[in-house]
Amino acid sequence: MELRRFFKSFAFAGKGIARAVKTGRNFRFQLSAVPLAVFLGLLAGLTAVEWCLLFVCCAAVLGGELMNSAIEATVDLCCPEQRELAGAAKDMAAGAVLVCAAFSTAVGLLLFLRQDRLPRIWDRLCASPVLFLALAVYAVCAAVFIFKRRGKTV
């Protein structure tokens with residue numbers, strides 16, 4: 001019985017993530033950045049510690065966006081009319097995501113814009129038309145994934 005409840009909690013979590021994908025353009029944007037970061041990390045030859053930093057940053061931004069969406073939905077449910085404190089709660093939740101995203105961007109820049117990394121990434125892309133094409137196809141697919149209207153924004 002406990003095992004069933006354990007797996008049910010994963011189903012609920014998956015349902016929440018699916019809702020964020022369906023309704024949250026910002027979440028789709030941030031989610032689309034993860035495979036790109038992994039692709040660049042593979043090309044750059046990140047160390048184990050650098051991979052950990054990259055994944056922690058990705059998790060912080062995605063988790064922050066999920067929390068922001070949850071807070072916005074809760075505030076809208078509890079306070080459908082506009083109130084100053086309700087707006088402040090939503091603004092602070094959005095600010096938390098911005099802080100996570102800004103610091104994660106700084107970490108990404110430190111990881112990928114090193115003198116030895118940028119030429120390595122560029123050389124590997126230029127040496128393989130397949131990788132370059134894969135990146136271009138990914139960019140198009142990510143744009144469609146991000147901007148395709150899927151549902152009411154939370």
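Visitor: Among contacts in the protein chain between residues at least 6 apart in sequence, what share joins residues at least 24 apart?
Guide: Contact here means heavy atoms within 4.5 Å. This is a predicted model, where local features need pLDDT of at least 70, side-chain atom pairs count only at pLDDT 80 or more, and totals for chains, interfaces and linings use all residues. Residues are numbered from 1 along each chain as its sequence is written, and side-chain values use heavy atoms, with hydrogens and water left out. Among contacts in the protein chain between residues at least 6 apart in sequence, the share joining residues at least 24 apart is 73%.

Visitor: How many helices are there in the protein chain?
Guide: Helices (H or I, at least four residues) and strands (E, at least two) are DSSP runs, numbered from the N terminus. Reading from that end, the elements run α-α-α-α-α-α. The protein chain has zero strands, and its helices number six.

Visitor: What percentage of the residues of the protein chain count as buried?
Guide: Buried means under 20% relative accessible area, exposed means over 50%, and partly exposed is in between (1.4 Å probe, protein chains only). The chain has 154 residues, and the part that counts as buried is 27%.
Visitor: Is Val21 buried or exposed?
Guide: Val21 sits in helix H1, which covers residues 2-23. Its relative accessible area is 18%. That is under the 20% limit, so Val21 is buried.

Visitor: At roughly what angle do the axes of H1 and H2 cross?
Guide: Axes are lines fitted to C-alpha atoms, for helices over the stretch in contact, and angles run from 0 to 180 degrees between N-to-C directions. Angles under 35 degrees count as roughly parallel, over 145 as roughly antiparallel, 65 to 115 as roughly perpendicular and the rest as oblique. H1 and H2 are therefore roughly perpendicular to each other. Their axes come within 6 Å and cross at roughly 105°.

Visitor: Which residues of H2 make the contact with H1?
Guide: On the H1 side you'll find Ile17, Ala20, Val21, Lys22 and Thr23. Across from them, the H2 residues are Arg25, Phe27, Arg28 and Leu31.

Visitor: Which residues is Gln30 in contact with, leaving aside its neighbours within four places in sequence?
Guide: Gln30 belongs to helix H2, residues 25-44. Gln30 is buried, because its relative accessible area is 14%. With those neighbours left aside, Gln30 is in contact with Val61, Leu62, Glu65 and Val97.

Visitor: How many charged residues are in the contact of H2 with H5?
Guide: The axes of H2 and helix H5 (residues 117-127) come within 8 Å and cross at roughly 100°. That makes H2 roughly perpendicular to H5. Ala, Val, Leu, Ile, Met, Phe, Trp, Tyr, Cys and Pro count as nonpolar, Asp, Glu, Lys and Arg as charged, and the others, Gly among them, as polar. The contact of H2 with H5 has seven nonpolar residues, no polar ones, and the charged ones number three.

Visitor: Are H3 and H4 roughly parallel or antiparallel to each other?
Guide: The axes of H3 and H4 come within 9 Å and cross at roughly 165°. The residues of their contact divide into 17 nonpolar, three polar and five charged. With that crossing angle, H3 and H4 are therefore roughly antiparallel.

Visitor: How many salt bridges does a search of the whole structure find?
Guide: Side chains of opposite charge can pair when their charged atoms come close. A salt bridge is a side-chain nitrogen of Lys or Arg within 4 Å of a carboxyl oxygen of Asp or Glu. For the whole structure, the search finds six.

Visitor: How many residues apart in sequence are the parts that Lys90 and Asp76 tie together?
Guide: The side chains of Lys90 and Asp76 meet in a salt bridge, 2.7 Å from N to O. Lys90 lies in helix H4 (residues 84-112) and Asp76 in helix H3 (residues 48-78), so the pair ties together parts whose separation in sequence is 14 residues.

Visitor: Where do Glu2 and Arg5 both lie?
Guide: Glu2 forms a salt bridge with Arg5, with the closest N and O atoms 2.7 Å apart. Glu2 is exposed, and so is Arg5. They are three residues apart, about one turn of the helix, and both lie in helix H1.

Visitor: Which residues are linked with Arg114 in a network of salt bridges?
Guide: The side chains of Arg114 and Asp116 meet in a salt bridge of 3.0 Å, N to O. Arg114 is partly exposed, at 33% relative accessible area. The residues linked with Arg114 in the network are Glu50, Asp116 and Arg117.
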